[in-house]
Amino acid sequence: MHCALYQADRCRSCQWLETPYPQQLSVKQSHLEQLLAEHAPAEWREPVISAQQGFRNKAKMVVSGSVERPLLGMLHRDGTPVDLTACPLYPASFNAVFAQLKPFIARAGLTPYNVARKRGELKYILLTQSSQQGALMLRFVLRSHNKLAQLKAALPWLQQQLPQLSVISANIQPVHMAIMEGDEEIALSDNQALAEQLNHVPLFIRPQSFFQTNPLVAAELYASARAWTSELAVTQMWDLFCGVGGFGLHCATPQMSLTGIEISAEAIACARRSAEMMGLEKVQFAALDSTQFATANGAVPELVLVNPPRRGIGAELCDYLSRMAPQHILYSSCNAQTMATDIARLPNYRIERVQLFDMFPHTAHYEVLTLLKRMAQGRR
């Protein structure tokens, strides 16, 4: 993949861009194998590769420059702004959106926030695209409510230019720090859930709910989880750190009892809507802390699926799972290092199967799916 910004040393987010893609994949696979070497996985599945460009479904753009000539992108390490609208990681359809957003910012009088001066209103533009007819979710991250009325008044023009806008909102982030968003979300469109579909499973993305940035590889990840779960023929399952329900909804059957737990109420609202559309009557989702839910629950299902943030599931949940001993644990991780640490805390389990998913080409990051099975003797 060629990137003029990388060549000019203006953006180095893709640290491995000069490394041939097959070599990138080989290095990641070797890294994962080293982390899990002492656990001797019974089966290694072939890694799932990604497109090398145009794979991202979302853009997180710092807004800088002036209200008449806004710049969308990032701040270079020397503090100067860098326009990222031509980033080759974004789909080609984003170009037309960015082209309309710049004059809209001027029309609405949304003064870009100046970090050094601590002045201005518009901090970030957050854009997400669904694979369903290219529908878009657009979020404006503002410093305060001061320009909210102007933003609302100017929106009809933008909606006319970009009829694919499905969800629009404003997020208020008043803190002078590099924090992407604040707690307050203000709906600017009647619809507040972006419809998505992976592997014929309906999913919804609300403004403050997490969703994978590489939907094609995410679809492969969910499909593998569904296939592996189907082989186990389980009737009871927990989906912890479930997000919008991607894993659980893929794995669930009409006969299966599934409980999905996620701290984000926004994500849980999405998961419940999907389950209702699918007619899954034995599925329930709740907005709770996953560790607290699990450790306070007296029963344990046959399969526990965990998809934690980068920090992993931690010692407390590992200790609980070791004591309650579900037959299988399906661990999806975006940080293989913390996953390996967690697996070391589960001495009564062996690794049945592992597969790498290259969700983040041109970087050292990747996703991994690992199936653990409880050992009858309780020893490795």
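How many salt bridges does the count come to? The count comes to 14 salt bridges, a salt bridge being a side-chain nitrogen of Lys or Arg within 4 Å of a carboxyl oxygen of Asp or Glu.

1. On the basis of the note. This is a predicted model, in which local features need pLDDT of at least 70 and side-chain atom pairs count only at pLDDT 80 or more, while totals for chains, interfaces and linings use all residues. Residues are numbered from 1 along each chain as its sequence is written, and side-chain values use heavy atoms, with hydrogens and water left out.

2. On Arg353 and Glu43. These two side chains meet in a salt bridge with an N to O distance of 3.0 Å, and the pair links distant parts of the chain, since Arg353 belongs to strand β15 (residues 349-357) and Glu43 to the loop between α2 and β1, 310 residues apart. Helices (H or I, at least four residues) and strands (E, at least two) are DSSP runs, numbered from the N terminus. Arg353 is buried at 11% relative accessibility, whereas Glu43, at 29%, is partly exposed; buried means under 20% relative accessible area, exposed over 50%, and partly exposed in between (1.4 Å probe, protein chains only). Both residues also belong to a network of salt bridges that links Glu43, Arg45, Glu231 and Arg353.

3. On Glu121 and Arg143. The closest N and O atoms of this salt bridge are 2.7 Å apart, and the pair joins the loop between α3 (94-108) and β4 (122-129), where Glu121 is found, to the loop between β5 (136-142) and α4 (148-161), where Arg143 is found. Glu121 is buried at 5% relative accessibility, while Arg143 is partly exposed at 27%.

4. On Arg206 and Gln192. Arg206, in the loop between β9 (201-205) and α5 (215-232), is paired with Glu266 of helix α7 (residues 265-278), 60 residues apart, in a salt bridge of 3.3 Å between the closest N and O atoms. Arg206 is also among the residues that Gln192 touches, together with Ile168, Ala187 and others, when residues up to four places away in sequence are not counted; contact here means heavy atoms within 4.5 Å. Gln192 itself counts as buried at 12% relative accessibility, and its side chain makes a polar contact of 3.2 Å with that of Ser189. A polar contact is a pair of N or O atoms within 3.5 Å; within protein, one must be able to donate a hydrogen and the other to accept it, and residues adjacent in sequence count only if both atoms are side-chain atoms.

5. On the annotated cysteines. An unreviewed UniProt entry places the feature "binding site" at Cys3, Cys11, Cys14 and Cys87. They span 85 residues in sequence, yet no two of their C-alpha atoms are more than 10.7 Å apart, so they gather at one spot. The UniProt positions are given in the numbering used here, with feature names shortened, and annotations may be inferred rather than shown by experiment. Cys3 is buried at 10% relative accessibility, and Cys14 is buried at 11%. Leaving aside neighbours within four places in sequence, Cys3 is in contact with Leu17 and Pro88, whereas Cys14 touches Met1, Tyr6, Leu89 and His362.

6. On positive phi values. Ala40, which is exposed with a relative accessible area of 55%, has a phi near 45 degrees, a positive value in a residue other than glycine. Ala325 likewise has a positive phi, of about 55 degrees, and lies in the loop between α9 (314-324) and β14 (328-333).
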